[in-house]
Amino acid sequence: MTRGLVLAACAVVALVGTAGCRKGGEDRLRRGDRLVTATISDPKTFNPLLSVDSASTEAVGDVFEGLVRLNPKTKLPEPVLAASWEHDEAGTTWTFHLREGVTWHDGAPFTADDVAFSFEAVFDPQVPNSVKHVLMVAGQPMRTEVVDPHTIKVMMAEPFAPLLNSIGFDILPKHLLGQALKDGTFTQTWGIDTPPEKIVGTGPYRLVRYVPAQLLQYARNPTYWMRDEAGGALPRLAERTSLIVPDQNTMYLKFLDRQLHTYSPRPEEIDDLRKRAEELEITLDKIGLDTGMLFVTFNRNPAHYVKDGKADPRLAWFTDPKFAQAIAHSLDKRSMIQNTYFGYGEPAVSAISPENTAYYNPDLAPYAYDLDAARRLLDEGDYRDRDGDGVREDAQGHPLEFELSTNAGNQVRERLCSIMKEDWTKLGIKVNYRPLDFTTLVEKLSTNFDWDAMVMGFTGGVEPHASANLLRSSGNLHMWRPNQQTPATPWEAEIDRELAAGARELDPRKRVTHYWKIQEILHRELPMIQLVRQQRFIAAKSYLVDFVPTVWGIYEPERIAIRP
Amino acid sequence: MARFVLLRMAQMVPLLIGITFLSFVVVDLAPGDFFDTLSMNPSISPDMIREMKQEFGYGQPLPVRYGRWLWRVAHLDLGMSIAYRVGVLDLIESRAANTVVLAVASMTFSWALAIPIGIVVALRRGTLLDRSLSFVAFFGMSVPSFFLAFLLMYLALATGWFPVGGTTSLDYPILSPMEKIGDRLAHLVLPVIVLGTGGMASLMRLMRSQLLEIQSADYVRTARAKGVPEWIVVSKHILRNALNPFVTLAGYELGTLLGGAALVEAVMNLQGLGTLMLDAVRSLDLYLVMGSVLMSSVLLLLGNLLADVALTLVDPRIDFSHLEAVR
């Protein structure tokens with residue numbers, strides 16, 4: 001009997017071992033006029049204005065269009081529903097000339113009324129949405145004025161430089177949703193139970209089928225306005241399908257099984273894919289670094305440390321530049337990249353990603369990984385091991401000991417924490433690592449401020465003003481000391497001023513200087529000590545034509561075709 | 001009998017109120033709420049979160065909110081999911097069919113295999129067959145289902161015998177009706193094996209031990225001594241008497257019909273309620289969680305009731321009429 005079992009086990013192992021060795025098979029993706037991709041989760045709504053998660057935004061990304069969109073190559077706004085625009089001398093009135101001959105998927109003409117209606121929906125107090133606060137200028141909503149069916153004026157209280165980067169929100173059809181906005185039922189419109197043909201946009205694709213937890217299917221909009229250089233109709237592909245695959249491992253298996261045209265591999269899959277590129281008929285492109293940031297930050301909020309007039313010593317350490325610099329010198333970013341990203345990453349220096357070429361400040365000198373320098377800085381700050389127990393004490397004799405947290409279950413952040421803990425222990429700092437459940441972490445960051453050090457990350461876009469909530473001292477995401485009435489330090493006041501000036505400056509070249517200055521201040525004062533950025537890759541079938549992925553999105557996705 | 005059923009139905013109401021109230025309190029006591037994730041998103045302002053909280057009735061005291069929910073439920077309105085802004089019933093409905101298909105198929109698989117195998121191993125107790133099948137059963141009970149799922153998916157990838165994940169293939173809408181059925185069945189095979197294995201293994205062990213116990217009962221020995229043919233002994237005396245726990249179990253399984261299997265659904269990319277509900281619990285989408293709690297409780301209680309009724313039919317020794325007499 002034992003022999004039988006051993007044989008059976010061998011058979012299973014052999015079968016599993018041959019996984020992927022299956023030769024060729026028929027590539028069903030190759031025939032047909034259809035692009036198949038995967039997404040990690042179900043959309044929560046088909047109403048683009050109500051979406052608060054990337055899956056929902058992505059799900060109708062090709063169905064709706066804004067006035068402008070980001071060109072991922074130039075990283076500048078390019079015309080979509082607005083064919084051109086200009087602003088007056090003061091920069092407070094912008095005139096958008098809308099593209100003529102554009103129709104909604106149901107045949108109704110697209111006009112300036114639709115744009116005015118969309119603005120109205122954005123600023124409606126009954127409609128919670130993430131566009132509203134971005135478009136509030138000096139605390140006031142923008143006003144619109146329809147000049148003629150293809151011209152609309154947008155007026156704001158003061159010049160607003162981020163306008164073109166912020167005004168790309170999806171335009172909605174007034175003839176279909178106008179009544180709902182009046183009735184106050186707008187927030188219940190276009191939920192995921194809506195029949196797909198009722199979701200009407202102007203975009204290159206119409207939604208034709210949604211099967212929850214399975215797929216989203218789109219068909220070409222035959223009357224789409226965009227043409228290629230030769231005057232040919234766009235989009236080139238008749239269909240698009242997005243498979244909903246909630247597990248990343250399964251997504252990878254599906255890509256290996258030739259069920260997907262494109263896939264964003266995780267670092268550990270890259271070498272495997274590279275080896276098998278030929279067999280799988282794929283190309284593996286390095287598309288760039290993460291656009292967001294990943295950092296360690298220390299709590300500088302007296303609300304947590306000052307009780308009954310007595311300040312906890314930690315407040316003094318965490319606001320001490322010497323302490324922050326010592327930490328900055330103790331980050332072994334090479335090991336971090338090796339251990340978390342399998343070598344595919346770069347040390348991060350600035351809060352703005354180098355991929356954001358327009359605003360990234362390349363002149364910042366990185367803090368080198370140098371434990372001796374860190375020790376010297378701690379000594380200078382009078383943190384010494386006074387009792388010989390291996391842990392440094394401050395001048396008052398309090399041992400340097402604090403908690404380091406991050407959200408539990410995020411493997412990258414957990415590994416970063418363990419590397420930091422190791423190095424900080426060498427410096428004579430005692431760290432208690434404590435991963436936190438996400439809701440607990442949020443509670444600590446926004447309600448009771450009961451934390452010491454935290455590894456956090458944020459996604460980032462091209463528009464630097466989008467981080468205002470984080471950078472401004474009065475912002476609720478100004479984590480190290482949120483919601484300040486007046487800036488607590490001169491450098492926070494300076495950042496506030498630069499942010500305000502940057503938002504008002506319409507000359508792009510002058511505008512950049514404000515954000516360079518902010519990066520400089522952040523780099524000097526170290527409220528967020530930057531860690532690493534992952535190198536992103538995209539694997540795609542080599543027979544896809546004009547598929548140009550970037551970290552900012554796919555460049556001109558209308559042009560993608562399949563080489564027969 | 002009718003009175004007994006009515007009585008039990010009436011008892012369900014306070015029980016359901018108790019269950020849902022406790023769940024409501026537990027979700028409420030859990031640290032944070034649905035809006036926490038949103039508050040860490042730089043593109044979402046605190047004002048927006050305030051507006052949303054107001055929209056969904058947050059900020060009122062717990063008994064008021066529970067009372068309102070209960071009132072709506074009494075009118076067959078399970079409320080709206082916060083994440084989806086869609087009625088909870090509609091959300092559940094959109095995935096229920098496939099969940100039921102999956103659950104029924106895997107239950108059929110496990111019962112259809114477990115019972116005959118259980119009988120065979122019990123009758124051949126101690127033989128090589130018994131020991132090897134028992135080994136398989138223990139393996140089936142102990143292997144984590146998601147691991148088995150990955151194992152089988154690798155197998156599917158390596159051999160191409162079965163589709164790798166999903167409920168239907170891409171071209172499903174353009175297939176002929178027969179091909180559609182075939183496509184569905186092909187996609188069902190691996191999930192059913194994964195979901196049915198654990199249940200099959202424990203059912204088989206239960207069947208085996210039941211039979212072994214009854215085999216040594218006096219009436220079985222008497223029957224054999226009387227010279228009753230073996231197949232009648234087994235079918236009439238042993239099996240009939242071994243049935244009771246299985247009737248009860250079947251009732252319980254009704255309660256899990258709409259429960260879904262979140263992990264396996266996620267790994268095998270199946271359409272089902274499990275992932276929806278797991279996400280709801282994780283993100284503290286209150287009314288969606290409550291909807292699922294209510295649904296499973298009702299099914300469980302109904303399943304229990306059905307099992308009890310069925311027991312009186314199967315086993316004449318069980319009689320609930322005395323309960324009525326006591327009242």
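**Helix pair in chain B, cores and overall build**

In chain B, the axes of helix 9 (residues 218-226) and helix 10 (residues 230-242) come within 10 Å and cross at roughly 165 degrees. Angles over 145 degrees count as roughly antiparallel, so that is what helix 9 of chain B is to helix 10 of chain B. Keep in mind that this is a predicted model.

**Where the two helices meet**
- Helix 9 of chain B goes past helix 10 of chain B in a right-handed crossing.
- On the helix 9 side of chain B, the residues in contact are Tyr219(B), Val220(B), Ala223(B) and Arg224(B).
- Their partners in helix 10 of chain B are Glu230(B), Val233(B), His237(B), Ile238(B) and Asn241(B).
- Sorted by class, this contact between helix 9 and helix 10 of chain B has five nonpolar, two polar and two charged residues.

**Chain B as a whole**
- Chain B has 15 helices and zero strands.
- Its C-alpha trace spans about 85 × 65 × 40 Å along the principal axes.
- Chain B has 327 residues, and 46% of them count as buried.
- Take the contacts in chain B with a separation of 6 or more: 74% of them come from residues 24 or more positions apart.

**Nonpolar cores**
- The largest nonpolar core has 145 residues, and Leu67(A), Phe96(A), Met142(A) and Phe186(A) have the most contacts inside it.
- Setting aside neighbours within four places in sequence, Phe186(A) is in contact with residues including Leu49(A), Leu50(A), Phe117(A), Val127(A) and Leu172(A).
- Another core, of 38 residues, lies apart from that one, and among its members are Tyr341(A), Ala374(A), Leu377(A) and Leu531(A).

How values were computed. Residues are numbered from 1 along each chain as its sequence is written. Chains are lettered from A and ligands numbered from 1 in the order in which they are written. This is a predicted model: local features need pLDDT of at least 70, side-chain atom pairs count only at pLDDT 80 or more; totals for chains, interfaces and linings use all residues. Side-chain values use heavy atoms; hydrogens and water are left out. Axes are lines fitted to C-alpha atoms, for helices over the stretch in contact, and angles run from 0 to 180 degrees between N-to-C directions. Helices (H or I, at least four residues) and strands (E, at least two) are DSSP runs, numbered from the N terminus. Angles under 35 degrees count as roughly parallel, over 145 as roughly antiparallel, 65 to 115 as roughly perpendicular and the rest as oblique. A crossing is left-handed if the near helix is turned anticlockwise from the far one by less than a right angle, and right-handed if clockwise. Contact means heavy atoms within 4.5 Å. Ala, Val, Leu, Ile, Met, Phe, Trp, Tyr, Cys and Pro count as nonpolar, Asp, Glu, Lys and Arg as charged, and the others, Gly among them, as polar. A nonpolar core is a set of buried Ala, Val, Leu, Ile, Met, Phe, Trp, Tyr and Cys residues joined through side-chain atoms within 4.5 Å. Buried means under 20% relative accessible area, exposed over 50%, partly exposed in between (1.4 Å probe, protein chains only).
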